[in-house]
Amino acid sequence: MAHRSSRNSLSYGRARSASSLARLLAVLLTATLASGLGACQGSAQAQNEREHNLASRSGGVPLEGSANRVGVPTTGVVQAFGAAASAAQAGDDEEPKDYWAAISFDRSNFDEVRKFVKDRYIEARIDETLAWAEAAAFAVASDEDRTLLLLPESFYLARKDHPDEKGKLQGKVVKISPEDRFVLLEEVDKEGEEESNKRLSDDEIRELRDKQKERRRQLDEAWRAARFGPKDFERLMDWTSRELGKGKDSKWSMKRAWVAAAQGYLYSLDPHSSLIPKSAWDDSTKEVQDSSFEGIGAILTRRPDSEYTIVESPIEGQPAVAAGLRAGDMILKVDGKDIKGEILSKVVSRIRGKGGTVVTLTVQREGEPEPMDIAIKRGRIEVKNVKYDLVPNHEDIGYIKLTGFVPHSETDIVRAYEELKKKTKGKRLKGLILDLRNNSGGLLKEGINIADRFVHNGVIVSVKSRAGTGEEETYRAKPEGTWDVPLVVLVNDGSASASEIVASAIQENGRGLVLGDRTFGKASVQTLFTPLLRDDYYIKLTVARYYSPLGRTLQVVGVNPDLVVPPDVDGKMPLGFREENLSHHLPPLNPDLPTPNDAIVKAVEACAQQQGRARKLHAADPNPAIKFDFQKMYAADLLQCMPADGYGTAQR
């Protein structure tokens, strides 16, 4: 069973609390990497929001072979803090895996991380004050038995009585030395505040995000004014070694503090630089690539207006469909247990189980007066990185869904394309939908190769490294092996990095239309470096920016689709979570530019609205068992209005 995000308990107002930082570190220091791709991505996004943007997206997907000391480029936005995704896999009561348990890490390793930043990071000059401050703050928060927060004294005095802090800065204050410009706060954890079930509207979330952004700005400015430096860091680490780990049965150690300090130092740079244990990276590889699990085969969600889990859609051909579960069913009970108010990952863990066993869901269905029990026999659910089929009700229109840019993605897409052609009557596709929604990126090489399958000539992407190095690579399309099929690319706010490279290459070269919502806006390339002192973890650093064919970086602005189309017929576009919502992101460098597709869009869209089938099909069955994919079906309508050469006003 797959799951999507639940927007609940978002307490942005008291962002950057010690308890939230402690939770972030708990994930960083144990279950460091969860896939975040595909159906689990939404929950990881919600986790990011619950962590008040301290938990930032981390680039990377599995790489071919092992990264070496030179490094291997990757572009993805795999969630490094996907605790919700991990819980859904293992069950909420299980301890997260401690990937750092067997890894030694001390002051020398921390210093090596700093050396890599100095030599390799995209910016030759970094904000050292902020880097030292974040390193110290993360180290101080590394003891799970305490809720300690390191703050500039000026910031603490200005914010301690602020209503948005909700009384959380009223705890015990310690100063190591009277002349220090910073304080240590033992934060108050007011009972009931953290687990509020208040549902927030999109406008309320936007307002809270703005507050968080302003709070972050004030905090960073206060650290700069305090001139926090290496001597302050050393004193904080000495204090940490004396004062932390005193709780009964404490598992804390100075290794934990040094790992946390390194993570904090990297966090100050941008949301995508971090440390990753190799074993965590390997585990993420298994989750991103083709895999399987035992469950019922349905996508679940939580909506702001409900305390119950909703069936977003059963998956075609899986046990949930066979048993009669339908899109829109509200799950009230699992095996007789009321699940009101339970987080999504907990509900997922209840429903999953050994293949061949039965789970009974009590659901409320729209139009039915009473709840009904649906018994579902669990089965083996296959998860594929590349899925494909012909679009129903559209003759010879193909559909390929790519979840992540992992090894062999191009090979799998070529195979899918050839299989789709065989299914058509004339052994030739009349159009193709490439679905990159919720595809958070991956291997740069795979993204370039896949774009090259569609783009006849011109630039696919340019990669520019650290200023002053003169390093720049421009990747151009090659005519060999290019497909001429008319093309529509589906994107949303979960489409990031390599997905944005492919979408912008197709859009800006006039090769196809992009439909959906604005993409994530991550236009940076990370490299995994194996440190000299160890070979069991990676130092992941941002080392370059990439630029679209028109010479613009998509950093923050993302790819604006040619046609903005919501997921549901006459629905609203969901509030997205993007690069701009992350702290310390690299800034945008250039304004958005128009695409070459405006005239084409008007002609094709007019045809699709007049003769298209998407709305008619939905009207004929407004409550289908499997959720109606309006974006996909509207894309098929557009393709029916395109000529064989891809563009123009002629109809077929």
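An open sheet of six strands runs in the order β15-β16-β17-β20-β21-β24, with mixed pairing; two strands pair if DSSP finds at least two bridges between them. Helices (H or I, at least four residues) and strands (E, at least two) are DSSP runs, numbered from the N terminus. This is a predicted model, where local features need pLDDT of at least 70, side-chain atom pairs count only at pLDDT 80 or more, and totals for chains, interfaces and linings use all residues. Residues are numbered from 1 along each chain as its sequence is written, and side-chain values use heavy atoms, with hydrogens and water left out.

- Strands β20 (residues 487-491) and β21 (residues 513-516) run parallel and are joined by four bridges.
- Val489 has Val514 of β21 as its bridge partner.
- Helix α18 (residues 630-640) packs on the sheet and touches β16 (397-402), β17 (431-435), β20, β21 and β24; contact here means heavy atoms within 4.5 Å.
- The direction of α18 makes about 160 degrees with that of β20; axes are lines fitted to C-alpha atoms, for helices over the stretch in contact, and angles run from 0 to 180 degrees between N-to-C directions.

**Helix pairs**

- α16 (residues 598-611) packs against α18 at about 110 degrees, with the axes 8 Å apart.
- That makes α16 and α18 roughly perpendicular (angles under 35 degrees count as roughly parallel, over 145 as roughly antiparallel, 65 to 115 as roughly perpendicular and the rest as oblique).
- Val604, Glu605, Ala608 and Gln609 of α16 meet Tyr634, Asp637 and Leu638 of α18.
- α8 (residues 230-243) and α9 (residues 254-267) pack at about 150 degrees with axes 10 Å apart, and are therefore roughly antiparallel.
- On the α8 side the contact uses Phe233, Met237, Thr240 and Ser241, and on the α9 side Met254, Ala257, Trp258 and Ala261.

**Confidence**

- The protein chain averages a pLDDT of 82, and 80% of the residues score at least 70; pLDDT is the predictor's confidence in each residue, from 0 to 100.
- Confidence is highest in β20, at 98, and lowest in helix α2 (residues 41-50), at a mean of 30.
- Residues 1-19 stay under 50, and the model has 105 contacts beyond four places in sequence for them.
- Residues 77-94 also stay under 50, with 68 such contacts.
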